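These are my notebook entries on a structure that I had not looked at before. I set down what I looked up, one topic at a time.

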Amino acid sequence: MSKFILASQSPRRRELFAMLDLPFEILVSDTEEVITSSEPAEVTEELSRQKAEAVAGKVDKGIIIGADTVVSVEEKILGKPADRDEAFQMIQSLQGRSHMVYTGVTILVKENGKRESKTFSVGTKVHVAVMGGEEIRAYISTEEPYDKAGGYGIQGIFGKYIEGIEGDYFNVVGLPVHRLYEELNKMKEGGLL
C-alpha cells in the first residue's frame, strides 16, 4: 500500500490523523487558495481538494489527505483574525448563539499514473455561551485566537464558553476522524487502497 501523506501543517490535524493509527508523513501544500463558492461546506471541499492536488503534484505516489476547516455564522465565513479588533468582533459575533463549523476532506490516491479521489465535508453545530466584554477581552489577550478559524479553539481555554455541540467534536478541532476512517475503509473495500 502507498504511504499516507497529510497535506497540512496544523498540529491539531496531525494529532487527529494519528488517531487512525496509520503511518503517515506531513507534506504541506503551499498552494494559493482559490475560492469560487460562497457556501461554507463547498468552500472547505474546494480548499481541501486544492491542498491534496498541490501535494499530489510533488509526489510520485501516495494517499494524500487534504483538509480545510471554516467557522460560519449565518453562512458568513470567519477566517483567522488578523488582529485584536478582528478577534474581538469575531468572538462578539459567536457569543450567545450557535454557529457551524465545516471541515472538508479530500482523499486523493495517486498510484501507477492514476488518480482517484473522494471529497466530502462534515458540519458540526456549536453553541457558545453569553460572554461579557471583559471575558472577550481577556480571551483575545491570549495567543489562542490568532491561528484558528473563527478565532477560537474548542480544545483550548475557549472550551469553557462552549455550552454544547451537535455533531462531531473532532470536526470542530479540524478533522472528522470517524468519517475519514469510514471513507478510507470504503475505498479499501472498493479496491482503491
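**Ground rules.** I am working with a predicted model, in which local features need pLDDT of at least 70 and side-chain atom pairs count only at pLDDT 80 or more, while totals for chains, interfaces and linings use all residues. Residues are numbered from 1 along each chain as its sequence is written, and side-chain values use heavy atoms, with hydrogens and water left out.

**Confidence.** I looked up pLDDT, the predictor's confidence in each residue, from 0 to 100, and found that the chain averages 93, with 99% of the residues at 70 or above.

**Salt bridges.** Counting a side-chain nitrogen of Lys or Arg within 4 Å of a carboxyl oxygen of Asp or Glu, I noted 10 salt bridges in the structure. One of them joins Lys 51 and Asp 68 at 2.9 Å, N to O, and this pair links distant parts of the chain, since Lys 51 is in helix α2 and Asp 68, 17 residues apart from it, is in strand β3 (residues 62-73). I checked burial for both, with buried meaning under 20% relative accessible area, exposed over 50% and partly exposed in between (1.4 Å probe, protein chains only), and both Lys 51 and Asp 68 are buried.

Glu 74 and Arg 97 form another bridge, at 2.5 Å from N to O. Glu 74 sits in the loop between β3 and β4 and Arg 97 in the loop between α3 (84-94) and β5, so this pair ties together parts 23 residues apart in sequence. Here Glu 74 counts as exposed because its relative accessibility is 67%, whereas Arg 97, at 30%, is partly exposed.

Within helix α4, Glu 134 and Arg 137 are 3 residues apart, about one turn of the helix, and their side chains meet in a salt bridge of 3.2 Å, N to O. I also noted a network of salt bridges that links Lys 118, Arg 179, Glu 183 and Lys 186.

**Aromatic rings.** Rings of Phe, Tyr and Trp (its six-membered ring) pair if their centres lie within 6.5 Å, with planes under 30 degrees apart counted as stacked, over 60 as edge-to-face and the rest as tilted; by this rule I have 6 aromatic pairs. One of them is the tilted pair of Tyr 139 and Phe 158, with 4.9 Å from centre to centre and 55 degrees between the planes. Tyr 139 lies in helix α4 (residues 133-140) and Phe 158 in the loop between α4 and β7, so the pair ties together parts 19 residues apart in sequence. Both residues are buried, and together with Tyr 152 and Tyr 161 they form one aromatic cluster.

**A loop residue.** Last, I looked up Thr 36, in the loop between β2 (24-26) and α2 (40-56), which counts as exposed because its relative accessibility is 65%. Its C-alpha atom is separated by 27 Å from that of Ile 26, 10 residues apart along the chain.

Note on methods:
Helices (H or I, at least four residues) and strands (E, at least two) are DSSP runs, numbered from the N terminus.
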